[in-house]
Amino acid sequence: MRENTRLDKEIREIMTKEFPLPPNVKNAQEEAFARIRRMQTKEGPAEKKRRRGVYLKTFAGLAAAVALFLGICIANPAFAAQVPLVGRVFEAVGDSLGFSGDYKGYAKPLENVAETDGTATKGAKSAAQEKTDLYSQTKNGVTITLSEVYCNDAALYISMVIQSKKEFPETITDTNARPLLHLWNSSLSFDYNSNSLLGYGGSECMDGKFVDAHTYAGVLRYDLSASEDASDYDAYERDRGEFMQSLGITQREMEEDPSAASERACQILGVEELTDEAIAEAGGPDWEDYQEVALVPDSFKMRLSIPMVMGDKVHVTTPQMPKDLKEKYEKSMKAQGLGLTDEDYANFTEEQKEMEHQLFQEMWNQYGLRFPETNQHPNQYENWWVEGPWEFSLDVTKNNDGTIVKEIDDVDENGIGLVSVTKTPFEITIDDGSSNVDTFTVALDADGDILDSGNSGNANIFAIQDRDVSRIDVYICDYTEYMDELKGYYWSEDYETKKKEKTFKQLLDERSLYHKELTFD
C-alpha cells in the first residue's frame, strides 16, 4: 500500500500541477477527474467487507483516467504541444540526463516564449516580438524553443523543446536509451570570446528524450572551460602558411598533400618533426604569441547558432558493395596469390597485408566515385536532418549556489597532480593540468565506487547524481596500466567477492601515481 500511496501522490501532483492549461487540455483533465469520481463507491455497512476491492478499483480507475489523459496527448501531437512543457524541461527529463538531479531553484525559465514561423513581417517588430524571436523559431516545419538556462562555474545548461510537424524518424539511442540528437555544425559565441564551437567540429549531441513522435525535450550542456580559449588560430595558421611558402613550399602543395609538405619542410629545416616549437626556433611564428585566455564573467551575453538538427537512422540503407567491384577485388587478390578468409589474412606477411590494404582501398575508392553521397555527412542513407538556421541570443548570469572550488596547485615536474577541483550540485570537474597524456584520472565517491562522466565526453568531469560525494578520492594512474589491468578489477563480475579481500580503492592506493582525498562540507 505504501507504493500505491506514493504513486497516487505522484499522479495527482502531475495532474494538478499549478500551470495554466489550454481549454481543451483542461477539459481532458476535468474529464479524467470526473471519471475517477464516478468510479468511487460510497461505503455502507454491507460494503465494509468489500473495502479492499473498492480501494483497488478506485486506484485502477485513477490509473486508467491518467492513461486516458496522457493517451490523448500522445495520440494528438498538436494537443500535446499545448501542455506547457516549455519552462519545465529539466523537471520532465531530469532523471534521464547524464547529469541528472533536481534543477528546481537553479534553472531559470525563459519568459515570453512563443512559437514563430520564422518569416519576416513587414514593418518594425514590437519589443515583445523581438524578445519572442530570441527564444522560439520555426524553420522547415521544425520549431526550436529555448526553455530554461542554468549556468555555474563549470558548465552552461540550456534546455529546449524541438517540435516537428512531421514525425521524427526512428533514431539511434546510446547505451542508456537516450536518442542521439545532434545540433550539427552549431556554434556558441560569447561577448567575452567569439571563438567557441559546440563539441568536436561544432557538433553537439543533445541529452534528452522524445516526449512523443513529434516532440523532443532535451538539454544542451556546454563545458565553460572550452570558452576560455581565445587564441587566434586563424592568424597563426595564416602566418605559418606564409613561413612554409618562404621555404619554397607552395599553398597548393600544403592543401593537396599536407603530410608530404610537412615532410619536405622537415628536410629543409633539418628536424625530425614539424612541431610548433621547431617552426618558432627556425624563425617562424611562435604559437605562444597567439595564445590568449578569456576569463568567464559572472554575467554575459551569448549567441547560439544551430544550422541543422540531425539524427542517426536506426535502419541504415547504405548501398551494398556492387558485385562487379567486389569481383574485381577478389580477382586481384587471387592474382597476387592472396587468400580471402580471415585465417588467410592472419597469416599474411607485412608486405602481403600492405598489398591487401591497397587493393581493398582501391575497391572503396571506386565505390565512393559511384556513390559520392556516402562520403558526405550527413547523408540520406545513415542520417535524417532538418536545416535551419535557428539563431538565439541570451543573457546569462551564473548561479553558484552549492558550488565549491578547491584550489590545489599540486603538480610535479612530470605534469602529474591536481590544479583544482570544482563541485557543483550536479558535477565534479577535476583540473589535472592535462599536461601528461600518458595518465588517466579516476574519482571514487565516499563509498569507494567509480564516478562516471555522465555524457560530457570529458573524462575529467564526473556526474554526481545520487552519489555520496561528501568525500572523494582522486587517483591519477598510468593510462595503459589502468586500461589493461586496473579497471578490469572493478568491473569484473566477481568484484563483490574480491573486494572482501581488497577493495578497488585499496588497489589504487597501491598502484596509482598520485592520490588526493578531498572532503566537501
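Trainee: Among contacts between residues at least 6 apart in sequence, what share joins residues at least 24 apart?

Mentor: Contact means heavy atoms within 4.5 Å. In this chain, 67% of the contacts between residues at least 6 apart join residues at least 24 apart. This is a predicted model, in which local features need pLDDT of at least 70 and side-chain atom pairs count only at pLDDT 80 or more, whereas totals for chains, interfaces and linings use all residues. Residues are numbered from 1 along each chain as its sequence is written, and side-chain values use heavy atoms, with hydrogens and water left out.

Trainee: How many helices and strands does the chain have, and what percentage of its residues count as buried?

Mentor: The chain has 16 helices and 18 strands, which are DSSP runs numbered from the N terminus (helices: H or I, at least four residues; strands: E, at least two). Of its 521 residues, 41% count as buried, that is, under 20% relative accessible area, with exposed over 50% and partly exposed in between (1.4 Å probe, protein chains only).

Trainee: Which strands pair with S3?

Mentor: Two strands pair if DSSP finds at least two bridges between them. Strand S1 (residues 108-109) runs antiparallel to S3 and is joined to S3 by two bridges; here Pro109 faces Glu148. Strand S2 (residues 136-139) is also antiparallel to S3, over four bridges, and Thr138 has Thr143 as its bridge partner. With strand S4 (residues 155-164), S3 forms nine bridges, again in the antiparallel sense, and Tyr150 stands opposite Tyr157.

Trainee: How many residues lie between the strands in the hairpins of S3?

Mentor: Two residues separate S2 from S3, and in that turn Asn140 has a positive phi of about 50 degrees. The hairpin from S3 to S4 passes through three residues.

Trainee: Is S3 mostly covered or uncovered?

Mentor: Strand S3 (residues 142-151) is mostly covered, with ten of its ten residues buried.

Trainee: Which residues of helix H16 are buried, and where do they lie around the axis?

Mentor: In H16 (residues 504-511), Phe504, Leu507 and Leu508 are buried. They lie on the same side of H16 because they cover an arc of only 95 degrees around the axis, the arc being that of the directions from the helix axis to the C-beta atoms. The buried residues of H16 pack against strands S15 (439-444) and S17 (471-478), and against helices H14 and H15 (495-498).

Trainee: With which residue does the side chain of Glu481 make a polar contact?

Mentor: A polar contact is a pair of N or O atoms within 3.5 Å; within protein, one must be able to donate a hydrogen and the other to accept it, and residues adjacent in sequence count only if both atoms are side-chain atoms. Glu481, found in helix H14 (residues 479-491), makes such a contact of 2.7 Å with the side chain of Arg511.
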